[in-house]
Amino acid sequence: MEPVADSHSNVVAVQATNDDASASKLSCVKKGYMKDDYIQLFVRRPVRRSPIINRGYFARWAALRKLLYQFLDCEKDTDDKGPTKKQILSIGAGFDTTFFQLQDEGKVSHLYVELDFKEVTSKKAALIESYSQLRDKVGAEASISREKGEVLSDHYKLLPIDLRDLQKLDDVIALADMDPSLPTFIIAECVLIYLDPDSTRGIVGWAAKTFSTAIFFLYEQIHPDDPFGQQMIRNLESRGCALLGLHATPTLLAKEKLFLDQGWQRAVAWDMLRVYSNFIEAQERRRIERLELFDEFEEWHMMQEHYCVAYAINDAMGLFGDFGFPNDQQHVPNSSSSALP
């Protein structure tokens, strides 16, 4: 068990990575990697990132976006009335703007719920209240409280929570009016890796038990033990951010096992080099590779091999037969299939 002071300082430092991530996304947007009309509202000091960072953030954004679209497009082959209602749950959402972008793109879920520490949700609630572009998207009927760090509207909820408090997760889900029986896409981008392994297992297991038809999307670091991985850890620790969960799940197979051990039906993990090369559209890669002069190929390969996307599937409704990476060799409990590279 960490000393309380250390635990608190790590939480504060991890919250600061939220500002970093927003600045990196804005750098990408300004260079034309992707469109996001909202991220500028969340960045106080714009910075220009190097081409390798821009390309890495684009890859992360494109992978999540493609899987999220797959999820939103999944339908049952029946004559039911209208499309299946779906919900999205973003844990450790920070200043992410996906909800606002999806509204513009006409890809609207029945309910979009964002959770984070109160220090983060209070700032986000204040910004949503301050900017009409954001306020209009959450809806005129929205109740916004900077003090509580809450935004409550029909289709969007922003709520404060310490994810390490599992009992509170059920309360928050109820407060958000989430329906555990509806198909749910759970997003955790560079979130669980900062928690202790027991907390991570608890959250992953809670989600498996709570949502019977769901995708759990994970984006985070791998391979802490080689020289590049050790340097990556040192860089983050110098900013006060300890990757508390990395040694518990250091490989792609370990990420998959995390989900399977906690009750998910299927799990798949690819490193970002493979995601970039074999999943993100070739046309999109060609487009963004023309945006900036790029000569950091060796470092790019190493960096992308130290990040991964993992997703887990529960499919009680039989919606997700075609979901995911191409020929993904999904790992199932007690499967004899060999480890992915």
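How many bridges join strand 1 to strand 2, and do they run parallel or antiparallel? The answer is 5 bridges, with strand 1 and strand 2 (residues 111–116) running parallel; two strands pair if DSSP finds at least two bridges between them. This is a predicted model, where local features need pLDDT of at least 70, side-chain atom pairs count only at pLDDT 80 or more, and totals for chains, interfaces and linings use all residues. Residues are numbered from 1 along each chain as its sequence is written, and side-chain values use heavy atoms, with hydrogens and water left out.

- Helices (H or I, at least four residues) and strands (E, at least two) are DSSP runs, numbered from the N terminus.
- Ile91 has Leu115 of strand 2 as its bridge partner.
- Strand 1, helix 3 and strand 2 form a right-handed β-α-β unit (with the strands pointing away from the viewer, the path from the first strand over the helix to the second runs clockwise).
- Strand 6 (residues 184–189) also runs parallel to strand 1, joined by 4 bridges, and Ser90 stands opposite Ile187 there.

**Cavities**

- On a 1 Å grid over the protein atoms alone, a cavity is a set of points where a 1.4 Å probe fits but cannot get out, and lining residues have an atom within 4 Å of a point.
- Grid points are joined across faces, edges and corners, and a volume is the space filled by probe spheres set on the points.
- There are 3 cavities of 30 Å³ or more.
- The largest cavity holds about 130 Å³, and of its 14 lining residues Lys25, Trp61, Asp96, Thr98 and Gln101 are the closest to its centre.
- Helix 2 gives the most to that lining, with 6 residues.
- The second largest cavity holds about 70 Å³, with helix 7 (residues 197–210) giving the most to its lining, 3 residues.

**Second largest pocket**

- A pocket is an open set with protein on both sides within 12 Å along at least five of seven lines.
- The second largest pocket holds about 310 Å³.
- Among its 13 lining residues, Asp19, Phe42, Val43, Arg44 and Phe95 lie nearest the centre.
- Helix 1 supplies the largest share of this lining, 3 residues.
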